[in-house]
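Please look over the sequence and the model shown here.

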Amino acid sequence: MNFLLLLLSGICLGLMVSLNGRLAADFNLFEVSFLVHGIGAVILLAAAKLVQKEKIQLTGAPLYVYFVGFLGVALIVTTSLSTAYIGAALTMVLSITAQLVSSAVVDHLGWFHVPVNKFSRRRIPAFAVILVGLLLMIFS
């Protein structure tokens, strides 16, 4: 079930990047980010009210986790701008490559209390294939 949810998440991200690129043609990047996060906040507040029926409490986590809001804005702004210039597919390939590398570093070092999953030489061929795919997308 988790794999299906992750596939759905990937589909949503691909569609979102494409729609953000379209929004960037009509709005400035601040407006695009505001629309995405504002609409998302309204939907989440409504869902929390209907499903959770409890007050939302955003305290108790380590301070560094609140940096995620800045990362969300950076994601929306950079993908919106990139999609408008290089297209959705190349934007996604570059983004996914960077996500895999940064995630491998986080896993290897166990940052943010994720389970430590040391990088091994057995992963090098997979990363090489990803790099080749990235290069093929860039130069095709």
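Which residues of helix 4 are buried? They are Leu90, Thr91, Met92, Ser95, Thr97, Ala104 and Val106, where buried means under 20% relative accessible area, exposed over 50% and partly exposed in between, with a 1.4 Å probe and protein chains only. The model is predicted, so local features need pLDDT of at least 70 and side-chain atom pairs count only at pLDDT 80 or more, while totals for chains, interfaces and linings use all residues. Residues are numbered from 1 along each chain as its sequence is written, and side-chain values use heavy atoms, with hydrogens and water left out. Helices are DSSP runs (H or I, at least four residues), numbered from the N terminus.

**Helix 4**

- Helix 4 has 22 residues and spans 31 Å from its first C-alpha to its last, close to the 32 Å expected at 1.5 Å a residue; the expected span is 1.5 Å times one less than the number of residues.
- Helix 1, helix 3 and helix 5 are what the buried residues of helix 4 pack against.

**Helix 4 against helix 5**

- The axes of helix 4 (residues 88-109) and helix 5 (residues 124-139) come within 10 Å and cross at roughly 155°; axes are lines fitted to C-alpha atoms, for helices over the stretch in contact, and angles run from 0 to 180 degrees between N-to-C directions.
- That angle makes helix 4 roughly antiparallel to helix 5, the term for angles over 145 degrees.
- The crossing of these two helices is left-handed, meaning that the near helix is turned anticlockwise from the far one by less than a right angle.
- On the helix 4 side, Ala89, Leu90, Val93, Leu94, Thr97, Leu100, Val101 and Ala104 meet helix 5; contact means heavy atoms within 4.5 Å.
- Their partners in helix 5 are Phe127, Ile130, Leu134, Met137 and Ile138.

**Helix 2**

- Helix 2 (residues 29-52) has 24 residues and reaches 33 Å from first to last C-alpha, close to the expected 34 Å.
- At its start, a side-chain oxygen of Asn28 lies within 3.0 Å of the backbone nitrogen of Phe30.
- Val32, Ser33 and Ala48 are buried in helix 2, and the cover over the buried residues of this helix includes helix 1 (2-26) and helix 3 (68-86).
- Ser33 has a relative accessible area of 7% and is therefore buried.
- Beyond its neighbours within four places in sequence, Ser33 is in contact with Gly38, Val73, Ile76 and Val77.

- Ile86 belongs to helix 3 and is partly exposed, with a relative accessible area of 41%.
- Not counting residues up to four places away in sequence, Ile86 touches Thr91 and Leu94.
- Ile86 and Ala126 are 40 residues apart along the chain, and their C-alpha atoms are separated by 25 Å.
- Asn117 sits in the loop between helix 4 and helix 5 and is partly exposed, at a relative accessible area of 35%.
- Leaving aside neighbours within four places in sequence, Asn117 contacts Asp107, His108 and Arg123.
- Between Asn117 and Ser80 there are 32 Å in space, C-alpha to C-alpha, and the two are 37 residues apart in sequence.

Conventions: Polar contact = N/O pair within 3.5 Å; in protein donor to acceptor, adjacent residues only side chain to side chain. Parallel < 35°, antiparallel > 145°, perpendicular 65-115°, else oblique.
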